[in-house]
Structures are given as structure tokens and as C-alpha cells.
Amino acid sequence: MVIGPGGAGVSVTAASGALGRDNGRRAGARHAPAPGSPAMAPDRDTLLVTVDRLSPTASLLGVFRNSDEPVAVSSRLHLLSLDRLALLENTWHEFTAVLSETASRSKVALPGVGVLADIAPGELVTLPGIDDFLVLRRIRDEAVSGHWRRIVVDASGHGDPFEFLRASSVLSQSLNRLWPRHRRLAAAAERPMMAQLTAAVDAIDRDCADITELVSDPHAVALHLVVGADDRGERLLPQFLAGVDVMGLALRSVVINHGVGHDSDVVATGEIAERLGEMVGADGVDRVDVARLDQTIDRAARLRRLGVTLSGPNGRRRGSGDAQVTEIDAGSGSGAERVYEFTWRQRLPDPEALQLGRSGDDLLVTVGGFRHPVRLPSVLRRCTVVDAGWDGVELAIRFVPDPALWPKGR
């Protein structure tokens, strides 16, 4: 995954990295090709995926955009230019077919089902969050197909790439708020004609869980963050690093793009790049400097000249993905007197803006205006938050057992 603020050179970096070889072998594969699947062909080496409808990548690589199938760029590289609206229309057609079937077989009126079934795919503009989920699901499907040795995802074209990466978890939360799974199962048991609809919703929920797991899996995904070596990059990098930490993403490298700004700012750019490098400061995170070219980047040969190397997954968890629970005060009585500390390494550009909340089994963490649900370990789901602190490196939240939920001692 290649992310970064708009204008930092995310698309160019992803394309150059896809044209080059990946550095380092995978620590492990999350999915093996299914039995009977075709062997990996020599021309199925790297797939570059773009998710921005205005992406210049197809033009830079000299091929046509095709949202349905990967297009061959070379013997080693294919390009897949995903079209959000086309994915939404195709999926909506399949879903409304299930709705229509359910409504026609039901002897009682099902509120809202008939209205939704009557909406034609061509009438859709967007459904917030769902188009991001569909894009991620298509990427997941390519990842588990066994056709590709590696996939490079150009996640540019988003105001906030973190919103894109967490779309599946947000959709799952919404589904289970509006129609909890126990109610879906009850509806299917009471009205057999609802079984097909509940199965369709369950399938979406399972896909959400699978995608959420995949995005944060350090054995399968390496995240590369691109920033410009300018004042804007220096201002935004701390915010992006904080978002990476709270989401528990497997950051593998920070790519510092020197090809931003004006040629006369070379000295200032170098000084900023050094300060950006100091901000990275994490073990196992590479600093990659991309030099300014003296030519316009308008073709594959010049993309190769950039020489971007994107390291593969190394299996190392970070941020909330590497959170630890420790018992810091066992007490002298029952288990209800215990105190637990939930900690992970978290960068906070503005510690005063940190906010914590609770929603069911999730701890809601707000960092720099970005709120993300961190799933609590089972032992903490029966506890309440009593305190939190940050020592400049680690965020520590203290919990005590909730007497109403904690097992009573004998």
C-alpha cells in the first residue's frame, strides 16, 4: 500500500516501485493459492492497482484504462485501474436482485425493501463508505487469487487515505448497528424467505472482517508513506505517522520526495528532508529518498529512473497492532480489584487533543481529529477505563474490572 497527502507524488512513487523489484523477501504469506488454481505464470509477477479515477498512471505507462481486467504493461507488470462507480453499480445490481426475490416471496410487507429494490444502478451516485469497501474487496480478491507475486496499491486520490483503509470496519459497524447478527438470524428463522437476504448481508460482514484483518496484517501488507521534502510535508508527516500508529498499520518505509517545490529550494529541501528523517526514527522503517529528475516524468523509462524500491512485508506489528496488556496491581482480594494497563507505541503531534471513548468491545481513540476503534482484548471487554497517560513514546490506558460483568469470587 502506498499512501500520502495529495501532491506528494504517491502515484509516481507507486508506479516506479511497481516497475522495480521489491526489496526483501516476504516474512510469510497470509493466503496460499487455492487447490487447483493455475500456477503463477511468468507474466503474472506484479499487479499495480490505482483507485483514483483521475490517476495519470495509465497514461504514464502507455496503456489504456480498463476497470474490469488487468492490462499488460510489460512481461512483468500489469495495471488494474479500478472504477468505483462501476463496482458499485455491478454490486448494487446483484444486491437488488436478492431484495426483489425476497420481497416477491414474502406474504407481508417488508419496510424499505421494495423501495431499495426499485433503485436502478444507473441512478446511483455514491453510497458513503461502500465504494471504498468494494475497491478493497476487489484488491483482496486479486491478492488471494494466486495470480500475483506482489500487488502494489496506489491509494492516492483520497483526501484522507486512512478513511479509505478503514472503510470495511466502518461498514461492518454500521451493518451490525442497523441489523445486528442475532436479529438477522432470528429473522431468517421466523421467515424463511428472509434467509437469502440475511445470507447476503452476512457475506458482506464476513468480507468486511477479512479485509480489515488483511489491511493490518504485517505478514501480508507493507505500508509506504510518501511525503514531499517541503514545508507541507514537514507539517503533515507527524499527523500521518500518528494515524498509522493508531490504526496499527505495518509501516515499512517513509518515502521523502525531493521532486516537489522549486529548483531554487534545493538547500531548503535537503534540510527539511533531514528533519523528516529524524521524525521517522522507528526500527525497521526505511527512509527512502527520491531525487528530483531534470526531466518531466511522462513515460515509463523516466519512472524507472526514479529507482524507487518498495520493501516487502516483514511481519512486524506496530502501534495499536502491537498493543500489550499487563496486570500492574494484582491487589490482595478478588479479581475485581485488579488493574490492567493497555499500552502501545503512539505518536501524538498534539497530546492535548487526544480523546478516548468506548463503544461496546472497542476503545475509540481520537488523534489529531481522526477517530479509530481499537478492538479490546477479551479480558478488557469486561473492564472500564479509569486513567490514561502518554510518556512521549507509549500511550497507556488503565482499566479496572466492571463489577457487574466480572466473575464473582468464591
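Thr 343 touches Asp 322, Ala 323, Gln 324, Glu 394, Leu 395 and Ala 396, leaving aside residues up to four places away in sequence; contact here means heavy atoms within 4.5 Å. Thr 343 is found in strand 10 (residues 339-345). Helices (H or I, at least four residues) and strands (E, at least two) are DSSP runs, numbered from the N terminus. Thr 343 is buried, at a relative accessible area of 11%. Buried stands for under 20% relative accessible area, exposed for over 50%, and partly exposed for values in between (1.4 Å probe, protein chains only).

The model is predicted: local features need pLDDT of at least 70, side-chain atom pairs count only at pLDDT 80 or more, and totals for chains, interfaces and linings use all residues. Residues are numbered from 1 along each chain as its sequence is written, and side-chain values use heavy atoms, with hydrogens and water left out.

The secondary structure of the protein chain comes to 12 helices and 15 strands. Of the 410 residues in the protein chain, 45% are buried. Among contacts between residues at least 6 apart in sequence, 71% join residues at least 24 apart.

Ile 3 lies in strand 1 (residues 2-3). Ile 3 counts as buried, with 0% relative accessibility. Beyond residues up to four places away in sequence, Ile 3 touches Val 10, Ala 155, Pro 161, Phe 162, Leu 165, Leu 223, His 224, Leu 225, Val 226 and Phe 240. The C-alpha atoms of Ile 3 and Asp 154 are 6.9 Å apart in space, while the two residues are 151 apart in sequence.

Two strands pair if DSSP finds at least two bridges between them.

Strand 11 and strand 12 run antiparallel and are joined by five bridges. Gly 357 stands opposite Leu 364 in strand 12. The hairpin of strand 11 and strand 12 has two residues between the strands, and Gly 360 takes a positive phi near 60° there. Strand 12 (residues 362-367) pairs with strand 13 over six bridges, again in the antiparallel sense. The hairpin of strand 12 and strand 13 also has two residues between the strands; in it Gly 368 takes a positive phi near 55°. Five of the six residues of strand 12 are buried, so strand 12 is largely enclosed by the rest of the structure.

Thr 366 stands opposite Arg 371 in strand 13. Axes are lines fitted to C-alpha atoms, for helices over the stretch in contact, and angles run from 0 to 180 degrees between N-to-C directions.

Two helix pairs were also examined. The axes of helix 5 (residues 130-143) and helix 7 (residues 167-178) come within 8 Å and cross at roughly 125°. Helix 5 and helix 7 are therefore oblique to each other. Angles under 35 degrees count as roughly parallel, over 145 as roughly antiparallel, 65 to 115 as roughly perpendicular and the rest as oblique. Helix 5 passes helix 7 in a left-handed crossing. A crossing is left-handed if the near helix is turned anticlockwise from the far one by less than a right angle, and right-handed if clockwise. From helix 5, Ile 130, Asp 132, Phe 133 and Leu 136 meet Ala 167, Ser 168 and Leu 171 in helix 7. The residues of this contact divide into five nonpolar, one polar and one charged. Ala, Val, Leu, Ile, Met, Phe, Trp, Tyr, Cys and Pro count as nonpolar, Asp, Glu, Lys and Arg as charged, and the others, Gly among them, as polar.

Helix 8 (residues 181-190) and helix 9 (residues 195-215) have axes that come within 8 Å and cross at roughly 155°. Helix 8 and helix 9 are therefore roughly antiparallel to each other. Their crossing is left-handed. Arg 181, Arg 184, Leu 185 and Ala 188 in helix 8 meet Ala 195, Thr 198, Val 201, Asp 202 and Asp 205 in helix 9. The residues of the contact of helix 8 with helix 9 comprise four nonpolar, one polar and four charged.
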